[in-house]
Amino acid sequence: MNPAAFALRYSKVVVVIGIIAVIAGGMSFLNMPRQEDPDVNPAWATVVTRYPGASPEKVERLVTSVLEQRISETKDIKEITSYSRDGVSLIVVHLEDGADREKNWDTLRQKVEAARGDLPAEADEPEVNTELTQTVTMLVALAGPAYSYHQLQQYAEQVQAGLEHIRGVARVQIVGEPEDEVRVTLDPRRLSQYRISNSQVIAAIKGQNNLLPGGLWPTAGVRYPLWTEGEYRNLEDIAGTVVTVTAEGYPVRLGSMATVEKLPEPNNPFIRSTGDRAVVLAITAKEGVNVVDLGRQVREQLARLTEVLPGDLSLRIIADQPSGVEERLNGFARNLLYGMLLVILVVMASMGLSNAFIVSMAIPLSVLAAFAVMPAMGVKLHQVSVSALVIALGMLVDNAVVVMDNIDRHLEAGLDRQAAVVKGVGEVGVAVLTATLTTVGAFIPLMLMQGDVGDFIKAIPQVVSLALMASLAVAVLVTPLMSYGLLQPRRPGAGSARLFTPGAVAYNRLLATSLKRPGITLVGAAAALLLAVAVAPRLGVQFFPPSDKHQLVIDVRTPAGTEISVTGRVSGQVEEFLAQQPEIKDYTAFVGRGIPKFYYNEVPPGEASNTAQVLVNVQPAAGGEAAVTSLVSSLRRHFAGEIAGAMVEVRRLEQGPPVGAPIVVRLSGEDLDVLQGLSRQVEELVRQVPGTVSVSSDAEEVARLRVEIDPARAALAGLTNHDISLAVRAATEGLKAADYQEGTRELPVMLRYDQAGMEGLSGLESLYITSPVTGGNIILGEVARVVTGWDVAQVIRYNNQRTVTVRSDVEGRLAADVQRDIEQRLGDLNLPKGYALSFGGENEDMEASFGSLGRAAVVAILVIYLLLVMQFNSLKQPLVILSTIPLALVGATFGLVVTGNPVGFMALLGVVSLSGIVVNNAIVLLEFINARRREGSELREAILEAGRQRFRPIMLTTITTVGGLLPLTLSGGRLWGPMGWSIIFGLMGSTLLTLVVVPALYLLVESRKTQEYRTQTPGF
């Protein structure tokens, strides 16, 4: 049944459905979750295993390699990277795109558990963490110069309690609170005096504090719960622990040989915010919450809490996703509004007021209908989903324009309203259906893209497809119904405004000329395509551009083994310089740990005493993007040579999925010394390439002390290697004896030697050790010698091979260009047998993503071709229509050249989107030609008539699409600009070429079936 006839017959049903769609869409829009960026959840997991006291190579041999062997049996693993450091093994597991995460993570846990029995007894239980991707919503720094970290923690707990009751807050975590321990500082001489070994002290503490549940005791037919009391209740109880009994029967208590205190753990990470001691509250929103509303409630609550806190304490928001979401969504909403106004103005100028009103109704109805369905598809409001609406905006009126123009043409011909509406829709109904399906068919394969990039852009095909299908329903149901109610029959020539009349006259002449020499027309089009292909490589390639957020991250790294106090002083130098920069609003340094995950593609580093990260907020400056870029460059230049012995890297946040360093060079082999030598060569070569900054290598040596035990002397003294290592451990990192419950907190009880007078090698060699066998006192130097040397700071393995990685950031050049130069320089590097070099970083991820996008483009073209074959029942005519796609590439390429944009993922995404958009004009044109030929017109006349009749709707749909995209393109920054320009220029170029080339190609293809070619195209 003709959809227009259905709409007229069941007008009340159509109206009610429309009202329901509007109400449902409005309610959905108000209640939809809002966030800044899409959820990008890399399929990563970590396995952390602590092996106290073991060297990196020992950790690698006894822990990491054992776990890697079992983990590699997991089915869908893409890559495994492991880090074996002093006393700890860290394994990072990355799954293949599209893998079943839950199933693979369950398998991973099973494999780790199976390997547990093969690990050393001294190693802790491996910790598997598969929840690495949750981004905090807000970071709030509580700072004050006159307060200790313990005092700040107490006030932070008050703020935490005040925030946790806010509806929508999932968790408020205090970051930077001091980690305390119960420190039992042993006096080695007193231990020696009482002939007590470390093992005896540990056993005494554990025996005193480790109580088993009592169970149930039967009495008179009743079983009563029974438990034994005696756990430590305070520090005095710990000091009163009986360690041994003298020969005379007197108890020797722990307090007589040690001091017991509650103190901060050594190398405790700490935070400074704009120079003051601080702790940070990390606020995480519940799933599905409107973070804009949540941010407003948090800010109101913080204002109330500020009034009850001491006046010299500050509560400062240092990462504010809700404000970013609100600002970004407001910007995209303005783009949507401006685009709507431009589209409506174009339609009014070309079709008249009444027609423009009818056509323009397609925009709000389609957008609201899309909003109604988006939640069911799991789509949230963020920059990508709103941008998708802007991308679709100009196309939402295309179907209505085609339908309205044909109805208008029949009204001018003298038909009554009902006949004009029914016939007008009937003639173009199949064409607009096919045109819509081909556009949707181009976008749907993008939904099949997997991995991080697929997660990032998934909302574009979802939202565009929803909006276009809604616009189709509006065009064939609502537009004819409104036309019947609002338009009147008119005399021929008394139709709507004729904005395109002068252009139509010129086009008709051009078309007639091109049909006389169709071969020359096609040669000209082919030349334009070849020129675009030749120009494209000169554009450069960029995966994703930097973010336009006014935030920077500064990574500080001191040599491995550096104490946290020294790292803190280096970070302090960075902070002092930041304080002098007027462009900087505030800065917060996280010393010994990374910034909590405040941005969707930032991956926080783990805790380490030689690392720090500084989160910098830049004042919104008049210079905008250029000012932030200039600030980054000046900071890099300053820190490059200012801080000796430390690596300071200044970087901007990145758009798109997480990539890490833009330039990554991996060297794999077995011998660590050889790898370190090669890494130094590569590092030097990379530094020589223009555009590289912050070049670093993870091949690092650290000075070490080795205790070389003499087995014979140790045996004579009644000591085992374990006894000696316990004593050395107590003198350095300490020995954990038990856990002490203090309220809701559990503090470790750590045994440490009093290090007074034990500085230097001589102090270590004079360490007293009590033999648990003889009770005699032995000095470490009597059974072992302490030697100095250099050793690797960590052993890194990539896919089960020892690997050293050289990394570099880029400045002033595209990463792809820099890598190409690096590859040329490294081509002459002579690698020993058994050693390999490979590249990672941006180029690795870009190749994978571009390949996935290319496969999506092939699927899109095949889907489009199938739909066209179904409509035209021809194999050749769809090929004529598909010729518009390479014509679009010509315009897109020159558009990127004119605007100075490189070829990036978003630009290519625009090109793939074009494949479904540009064929629409050719579909309508060929459908009209075929209709005229079926009515008896000869080939050439049918083509000329189609050009005359379809010029206005083709030009109008092109201009509305361009007008809808223009606001986003102009204000969308480096992320959306390339995509917008590629679509705009590609569509304009394709339209101009389609109006000439497609008719010429159609003439050549179809005339071969008749004799018209020989008689009506002389001279070809």
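Analyst: Happy to! Let's start with a definition: two strands count as paired if DSSP finds at least two bridges between them. Keep in mind that this is a predicted model.

User: What makes strands β8 and β9 a pair?

Analyst: The cut-off is at least two bridges, and five bridges join β8 (residues 215-219) to β9 (residues 222-226), so they count as a pair. The two strands run antiparallel, and P218 stands opposite R223 in β9. They form a hairpin with two residues between the strands, where A220 takes a positive phi near 50 degrees.

User: How do you know that β7 and β25 pair, and in which sense?

Analyst: By the same rule of at least two bridges, β7 (residues 180-186) and β25 (residues 745-753) qualify, because they pair over five bridges, in the parallel sense. T185 stands opposite R752 in β25.

User: Why is T434 called buried?

Analyst: Buried means under 20% relative accessible area. T434 has 7% relative accessibility, so T434 counts as buried. T434 is found in helix α15 (residues 417-443). Not counting residues up to four places away in sequence, T434 touches L867, L868, Q871 and I923.

User: What makes a group of residues a nonpolar core, and how many residues has the largest one?

Analyst: Members must be buried residues of the nonpolar kinds, joined through side-chain atoms within 4.5 Å. The largest such core has 204 residues, and those with the most contacts inside it include L139, I460, F905 and W976. Helix α17 (residues 459-486) gives the largest share of this core, 14 residues. Another core, of 42 residues, lies apart from it, with L186, Y232, V728 and L780 among them.

User: Which residues does I460 contact, leaving aside its neighbours within four places in sequence?

Analyst: I460 is in contact with V384, A388, F443, M906, L909, W976 and M979. As background, nonpolar side chains tend to be buried together in soluble globular proteins.

Definitions and conventions: Residues are numbered from 1 along each chain as its sequence is written. This is a predicted model: local features need pLDDT of at least 70, side-chain atom pairs count only at pLDDT 80 or more; totals for chains, interfaces and linings use all residues. Side-chain values use heavy atoms; hydrogens and water are left out. Buried means under 20% relative accessible area, exposed over 50%, partly exposed in between (1.4 Å probe, protein chains only). Helices (H or I, at least four residues) and strands (E, at least two) are DSSP runs, numbered from the N terminus. Contact means heavy atoms within 4.5 Å.
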